[in-house]
Amino acid sequence: MLETSGRCLLLLICGLSLQAQQLKEVRPDRGKAGSVLLVRGSDLSKEKVDSVYLSDQTLDMMVKVLNQTDSFIEFRIPPSVKPGRLQLVIKTTGKESRILEQPFYIRVEESPQRVEMAASK
């Protein structure tokens, strides 16, 4: 019985040390270039998450993080981003940093300036 309890404790400790950053929601889930979005989740502090990206699967664009705690990251959509559906990607800190593609997407909407520029061409 003691051996089983010790094994369970070891598995619990290993599981806690492997705890990964997890996103739970993004609000709002859409915006124009320059909009501020808030991602809620766990283990998102500066000590755990190095940077945040938006990806269209061919290009990853780093976003400007405005505020970051263990439970949320607030960021601005880059001004150069093109409209479309983009996935959130986070890069962890440490010697063995990892790129974590998250199952969350945002919709970048067309800005009025881009529409005007396209119409004038």
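Where is Gln57 found? Gln57 is found in the loop between β4 and β5. The structure is a predicted model, in which local features need pLDDT of at least 70 and side-chain atom pairs count only at pLDDT 80 or more, while totals for chains, interfaces and linings use all residues. Residues are numbered from 1 along each chain as its sequence is written, and side-chain values use heavy atoms, with hydrogens and water left out.

**Overall architecture**

- The protein contains two helices and nine strands; helices (H or I, at least four residues) and strands (E, at least two) are DSSP runs, numbered from the N terminus.
- Read from the N terminus on, the elements follow the order α-β-β-β-β-β-β-β-β-β-α.
- The protein has 121 residues, of which 31% count as buried; buried means under 20% relative accessible area, exposed means over 50%, and partly exposed lies in between (1.4 Å probe, protein chains only).
- Among contacts (heavy atoms within 4.5 Å) between residues at least 6 apart in sequence, 58% join residues at least 24 apart.

**The five-stranded sheet**

- An open sheet is formed by five strands in the order β2-β9-β8-β4-β5, with mixed pairing; two strands pair if DSSP finds at least two bridges between them.
- Strands β2 (30-31) and β5 (60-62) stand at the edges with a single partner strand each, so one side of each is left without a neighbour in the sheet.
- Strands β2 and β9 pair in the parallel sense over two bridges, and Gly31 has Val108 as its bridge partner in β9.
- Strands β8 and β9 pair in the antiparallel sense over seven bridges, and Arg85 stands opposite Arg107 in β9.
- Strand β4 (residues 49-55) runs antiparallel to β5 and is joined to it by three bridges; the partner of Leu54 in β5 is Met61.

**Loops and backbone angles**

- The hairpin of β8 and β9 has six residues between the strands, and Gly94 in this hairpin takes a positive phi near 105 degrees.
- Gln57 is not a glycine, yet Gln57 has a positive phi of about 80 degrees.
- Asp43 lies in the loop between β3 (36-42) and β4, where its phi is near 60 degrees, a positive value in a residue other than glycine.
- Asp43 counts as buried because its relative accessibility is 9%.
- Pro28 belongs to the loop between β1 (22-27) and β2, and the peptide bond from Arg27 to Pro28 is cis, with omega near -20 degrees.

**Two residues in their surroundings**

- Thr92 has its place in strand β8 (residues 84-92) and, at 5% relative accessibility, counts as buried.
- A polar atom of the Thr92 side chain lies 2.7 Å from the backbone nitrogen of Arg98.
- Apart from its neighbours within four places in sequence, Thr92 is in contact with Gln21, Lys48, Val49, Asp50, Ser97, Arg98 and Leu100.
- Ser71 has its place in the loop between β6 (64-68) and β7 (72-76) and is partly exposed, with a relative accessible area of 39%.
- Ser71 and Lys24 are 47 residues apart along the chain, and their C-alpha atoms are separated by 9.6 Å.
- Apart from its neighbours within four places in sequence, Ser71 is in contact with Val39, Arg40, Gly41 and Leu44.

**The cavity**

- The count comes to one cavity of 30 Å³ or more; on a 1 Å grid over the protein atoms alone, a cavity is a set of points where a 1.4 Å probe fits but cannot get out, and lining residues have an atom within 4 Å of a point.
- The largest cavity holds about 30 Å³ of space; grid points are joined across faces, edges and corners, and a volume is the space filled by probe spheres set on the points.
- The largest cavity is lined by Leu23, Val39, Val52, Ile73, Leu88 and Ile90.
- The lining divides into six nonpolar, no polar and no charged residues; Ala, Val, Leu, Ile, Met, Phe, Trp, Tyr, Cys and Pro count as nonpolar, Asp, Glu, Lys and Arg as charged, and the others, Gly among them, as polar.

Key. 1 Å grid on protein atoms, 1.4 Å probe; cavity = no way out; pocket = protein on both sides within 12 Å on 5 of 7 lines; lining within 4 Å. Polar contact = N/O pair within 3.5 Å; in protein donor to acceptor, adjacent residues only side chain to side chain.
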